[in-house]
Structure formats: structure tokens, C-alpha cells
Amino acid sequence: MLNRMYRSTVLGVATQKPIEQLVRSRAWSVAQRFVAGESSATAIAAAQELAADGILSNLDLLGEFVNSVETANEFAEKILAIQNEAAAAGVLPYVSIKLSSVGQGQMVQNGEDLGYLNARRIVGNARALGGFVCLDMEDHPRVDQTLAQFRALVAEFGNNTVGTVLQSYLYRSDADRAGLDNLHPNLRIVKGAYLEPESVAMPAKSDVDASYRRLVYAHMKAGNYVNVATHDDSIIDDVKMFVLSHGIPKDKFEFQMLYGIRRDLQKKLATEGFTVRVYLPYGRDWYAYFSRRIAERPANVMFVLRGMLKG
């Protein structure tokens with residue numbers, strides 16, 4: 001409960017324009033710990049640096065809740081561009097997209113959802129390049145539409161080209177996972193970073209953690225590919241024991257972590273022979289993402305304040 005109160009307070013403060021302006025002007029040097037620069041070039045360079053340590057990347061152009069057709073299409077073009085740039089640089093074009101960023105919810109003249117149309121272009125390009133697209137999950141009102149569009153994309157492009165995310169703090173996620181089993185989907189399991197009402201999301205960390213383990217284990221036992229996205233040492237250790245005791249091969253799952261967090265653990269897991277992929281965000285629209293990272297741990301606030309005081 002205290003963790004929820006802390007997160008609610010930080011995210012509430014972060015929405016205030018004077019705070020945003022202050023952080024944007026004073027904290028970019030700090031934000032660079034979590035964000036791989038503002039351009040595709042800096043993101044690809046960061047991916048190449050990770051690759052030197054045997055760590056894969058998941059490129060994510062930051063931006064969400066785009067509210068015009070023109071901006072959504074421009075955003076989609078930027079994602080298509082970094083897919084091509086990454087492939088040309090010898091980096092696997094594995095990207096994450098928020099469907100809201102490419103127009104989800106905006107209907108175009110033919111009555112189709114713009115987010116879905118742009119996602120088809122991006123996933124189609126990924127298949128042509130031998131890459132992959134993960135459809136990020138956003139706040140709870142978008143879950144149904146995202147899962148429906150994910151189903152349609154898997155039907156067209158296959159589960160080796162497109163995956164999606166389930167959030168363990170949502171009560172519905174067990175049923176959502178089971179409902180996707182017929183697709184044998186590639187799923188990224190996260191705890192959840194949005195401020196959700198208690199009517200849809202578990203307020204207690206212990207319940208969220210138990211739900212997380214349950215989702216990962218159930219998806220593994222169903223023979224599906226799982227992205228274990230966590231920095232939680234106890235969960236990582238439990239997953240290691242689970243796969244060993246159930247004979248699950250290392251090529252059926254991977255550990256995923258956030259750029260700039262637990263780099264020591266990322267390297268350690270990679271040297272142990274596990275597949276490790278880092279969620280690598282970049283772009284000028286970094287403030288919302290940065291705010292959610294700060295809201296995750298009280299220690300992150302002190303880290304930011306110290307950096308801002310240094311100027």
C-alpha cells in the first residue's frame with residue numbers, strides 16, 4: 001500500500017507543468033541513465049555497446065497518446081526508419097511500439113483503426129528484415145483493443161514476428177494469458193507501471209509478485225516463449241529453479257531488463273548462458289517514461305535530485 005501511495009504521489013507531481021519544465025531543463029544528464037539519447041543513431045550505438053557484452057536490445061521510440069493522424073503517421077515512419085537503420089548497422093531490428101503512438105483509436109476514412117494499419121506496416125517490415133515487434137501494453141482501457149489487434153497481427157504475420165505484453169498487477173491477466181494460448185504467443189510479462197484503480201489492479205506488492213510468477217510459470221508450462229521482464233532477484237532466482245526442475249530449455253525464454261538498471265545483473269545472466277534483452281528507450285519525448293521509472297523506487301528520486309543539484 002505504501003508503494004502505491006508513493007507511486008501515486010510521484011506520478012501526480014510529475015503531471016504538473018512547472019515540474020515537467022524544471023525536470024526537462026535540469027535533469028537530462030540524469031535521464032540519460034534510463035534513456036539512450038534522443039536520436040536513432042544514439043539508440044543504435046547503445047545497442048551495439050550492449051551487443052559487445054552479449055546482450056540483445058529492444059528498441060523503443062518514446063511517445064504515447066498521439067492525437068492526430070499526421071503525428072501518428074510520422075511516428076510510424078520513424079519506427080520503420082529505425083528498423084531499417086538497425087538492420088543496416090548489423091543490429092537485430094527488434095522494436096517495441098505503443099499502439100497509441102501510431103494512432104490506436106483514430107478511425108481513418110475506410111473505417112479502420114489507424115494504429116492497427118500502422119502496426120501492420122511495422123510488423124510487415126519486421127518480417128521482411130528478420131526482426132520482431134512487441135506491442136506494448138498501456139493503461140487498462142486499452143487492453144481489449146490491443147489484444148484484439150495482436151490476435152489479428154499474429155494471424156497474418158505469425159508469432160515469430162510479433163508479441164505483446166501482460167501486466168501482472170491487473171486482475172484480468174491470468175484469463176488474458178489463457179485466452180491467448182491457442183496462438184502460442186511470445187509474451188513479455190511485466191508487473192505494470194501505470195497508476196491504475198484498485199478495482200482493476202492489485203494494490204499489494206505481494207499479490208502482484210505472486211501473479212507475476214503464476215503468469216510466467218503458466219506460460220512456460222504451456223510451451224510458449226516467455227520474456228521475463230524483471231529486476232527482482234528473488235523472482236529471477238525462482239525462474240531459474242523452475243526452468244531447471246521442469247526441463248525448460250534456455251531457448252524458450254529470456255530475461256528482459258530496462259536500460260541503465262542492474263547492468264551488473266544483465267552481464268551476469270548473459271555470462272551464465274541466458275538470453276538477456278534490454279528495453280532500450282530513446283527519443284525526445286522521454287519525460288513520461290522517465291517519470292514512471294522515478295515512481296518505481298524512492299531511491300530513484302534521490303538519484304534525480306542529486307543530479308539536478310549538480311546542474
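Which hand does the crossing of H9 and H10 have? Here are some friendly notes on the model, with that answer in point 2.

1. A word on the basis of these notes. This is a predicted model, in which local features need pLDDT of at least 70 and side-chain atom pairs count only at pLDDT 80 or more, while totals for chains, interfaces and linings use all residues. Residues are numbered from 1 along each chain as its sequence is written, and side-chain values use heavy atoms, with hydrogens and water left out.

2. Let me start with the pair in the question. Helix H9 (residues 205-221) and helix H10 (residues 233-246) have axes that come within 11 Å and cross at roughly 25 degrees. That makes H9 roughly parallel to H10, and their crossing is right-handed. For the terms: axes are lines fitted to C-alpha atoms, for helices over the stretch in contact, with angles from 0 to 180 degrees between N-to-C directions. Angles under 35 degrees count as roughly parallel, over 145 as roughly antiparallel, 65 to 115 as roughly perpendicular and the rest as oblique. A crossing is right-handed if the near helix is turned clockwise from the far one by less than a right angle, and left-handed if anticlockwise.

3. The residues behind that crossing are worth a look. H9 contributes Asp 209, Tyr 212, Arg 213, Val 216, Tyr 217, Met 220 and Lys 221, and H10 contributes Ser 234, Ile 235, Asp 238, Val 239, Phe 242, Val 243 and His 246. Contact means heavy atoms within 4.5 Å. By class, the contact of H9 with H10 holds eight nonpolar, two polar and four charged residues. Here Ala, Val, Leu, Ile, Met, Phe, Trp, Tyr, Cys and Pro count as nonpolar, Asp, Glu, Lys and Arg as charged, and the others, Gly among them, as polar.

4. H9 has another helix partner. The axes of helix H8 (residues 173-180) and H9 come within 10 Å and cross at roughly 10 degrees, which makes H8 roughly parallel to H9. Ser 173, Asp 174 and Arg 177 of H8 meet Arg 214, Leu 215, Ala 218 and His 219 of H9. This contact of H8 with H9 divides into two nonpolar, two polar and three charged residues.

5. H10, in turn, packs with helix H11 (residues 263-271) at an angle of about 10 degrees, their axes 13 Å apart. That makes H10 roughly parallel to H11. Asp 233, Ile 236 and Lys 240 of H10 make the contact with Leu 265, Lys 268 and Leu 269 of H11. The contact of H10 with H11 has three nonpolar, no polar and three charged residues.

6. Stepping back to the whole chain, the protein has 13 helices and eight strands. These are DSSP runs numbered from the N terminus, with helices (H or I) of at least four residues and strands (E) of at least two. Of its 311 residues, 53% count as buried; buried means under 20% relative accessible area, exposed over 50%, and partly exposed in between (1.4 Å probe, protein chains only). Among contacts with a separation of 6 or more, 73% come from residues 24 or more positions apart.

7. The largest nonpolar core has 77 residues, of which Ile 97, Ile 122, Val 216, Met 220, Val 239 and Leu 280 touch the most other members. A nonpolar core is a set of buried Ala, Val, Leu, Ile, Met, Phe, Trp, Tyr and Cys residues joined through side-chain atoms within 4.5 Å. Leaving aside neighbours within four places in sequence, Ile 97 contacts Ile 79, Ala 119, Ile 122, Val 133, Cys 134, Leu 135 and Asp 136.

8. Leu 62 sits in the loop between strand E1 (56-61) and helix H5 (69-88) and is buried, at 6% relative accessible area. Beyond four places in sequence, Leu 62 contacts Val 35, Phe 75, Pro 281, Tyr 282, Asp 285, Trp 286 and Tyr 289.

9. Asp 176 belongs to helix H8 and is buried, with a relative accessible area of 13%. Not counting residues up to four places away in sequence, Asp 176 touches Val 143, Leu 147 and Leu 166.

10. Finally, two backbone details to check. Most residues other than glycine have a negative phi. His 184, in the loop between H8 and strand E5 (187-190), has a positive phi of about 50 degrees. Arg 262, in the loop between strand E7 (253-258) and H11, has a positive phi near 55 degrees. His 184 is partly exposed at 48% relative accessibility, and Arg 262 is partly exposed at 27%.
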